[in-house]
Amino acid sequence: MISGTNRNNKYYNITIQNVYNGIYLLSGSSTLTDAGNEIGTIDDGATVIGAGSPGSIGNGSQATWGIRTFAQGNLKIFNCEIKNVTCTGINSVDGIFVDNNSFSPVSTDTTRIYNNKVYNLLNSNTSPTSHRVYGIRVNNPANISSVSMIYNNFIYGLNNASANTSSRQLIGIYAQESGNGLNSVHNILFNSVRLSPSGISCQNSCFELGTTSGAVLQIYNNIFSNFTSAQTGNARHYCMVTPSGSYPGNAGSTSDHNDLYIANAVNGFTGLTGTTNRATLANWKNAFTPNQDVSSFSQDPGIISSTDLHIAAGINTQLESGSLNISGLEFDIDSDTRPGPSGSTNGGGTFPDVGADEFDGIPVDNIPPSISYSLLQNSSSISARVFQMSL
Ligand SMILES: [Ca+2]
Ligand SMILES: [Ca+2]
């Protein structure tokens, strides 16, 4: 790290209510990043940004956020509850916004955003001028060692009254909206995003990517579920949006083992690649070469309620053991052990569960095996022949 930076400041167990903005960690320079700062919860405490009623944070016409940072190296944001953030003007609302100069060559090392609950974010302005609501938004600088780790987060209860129908106005997780971030990495892992806006007339998506020629993305083990009701015209809703049909990110990017669920197919699409809507999961998989989300599935995640994204124990679900093991991520949003949780009795626990909550479900394998074989050819031989098949 560059000497002379602000470093290792820890903001733990903080309560913030009735203000225009939550927390803003601002380095004055994109070339002299702060280092090792953390916002989170330790011991038996809690960091809660926003009181129990709408508009506790913001509620004015200016841009507002729960947590925002600029040019922070080795940043951690963890175990925070962010709620009831509102904007009434044509400006943005962010739960967590980790920003950088996306053209800067300075490394921010590893950014960790994990175990956060972000919910009840609203922009109440009805203007067609773009004014977006984001659960988590991250822009990396253009350095190969700038790596974001976004995992184990619950995001739900987002709403926007915008009349804009040309771009998404409600986004669960937005990676690299500012473009560039060349060769940096976004790891989007084990998140649970549930969009169920009411009376919405704008476009929305659980996940969106800003560029396919900048950062490399690894998108695994997430629930991206969209319960928006039927829409009309250019108002549409998605699980995932990427600006082109190349990889979901720069070369080397991959997406798999996700639950991509659309509850209402009327103007609801699994994905958008460029300007092409991909209605079904199969359409989305085949949009890419090589195909992406090959082991992903589409299933109502069956959460406990619209305000609790945990999964009930004992249900039959592809979420159970549906994830890939990710080294270093051996715990869920509740600190339950992955795969597991320990003490599981329903036949799962062989692999981690999809989404932020590890739970004790009954595994369901609905993905058919891939079978290949070579037909036997004509032969004059009378000896026994072997038919070979691979699974
Ligand atoms: Ca759990
Ligand atoms: Ca499990």
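The model is predicted: local features need pLDDT of at least 70, side-chain atom pairs count only at pLDDT 80 or more, and totals for chains, interfaces and linings use all residues. Residues are numbered from 1 along each chain as its sequence is written, while chains are lettered from A and ligands numbered from 1 in the order in which they are written.

The chain contains one helix and 34 strands. Helices (H or I, at least four residues) and strands (E, at least two) are DSSP runs, numbered from the N terminus. Along the principal axes, the C-alpha atoms fill a box of roughly 85 × 50 × 45 Å.

Of the 391 residues, 52% are buried (20 or more other C-beta atoms within 10 Å of the residue's own, with C-beta atoms placed from the backbone).

Nine strands build an open sheet of mixed pairing, in the order S3-S8-S12-S15-S18-S21-S24-S27-S28. Pairing requires at least two DSSP bridges between two strands. Strands S3 (23-26) and S28 (276-278) stand at the edges; each has a single partner strand, so one side of each lacks a neighbour in the sheet. Leu26 has Phe70 in S8 as its bridge partner.

Notes
Buried ≥ 20, exposed ≤ 12 C-beta atoms within 10 Å, placed from the backbone.
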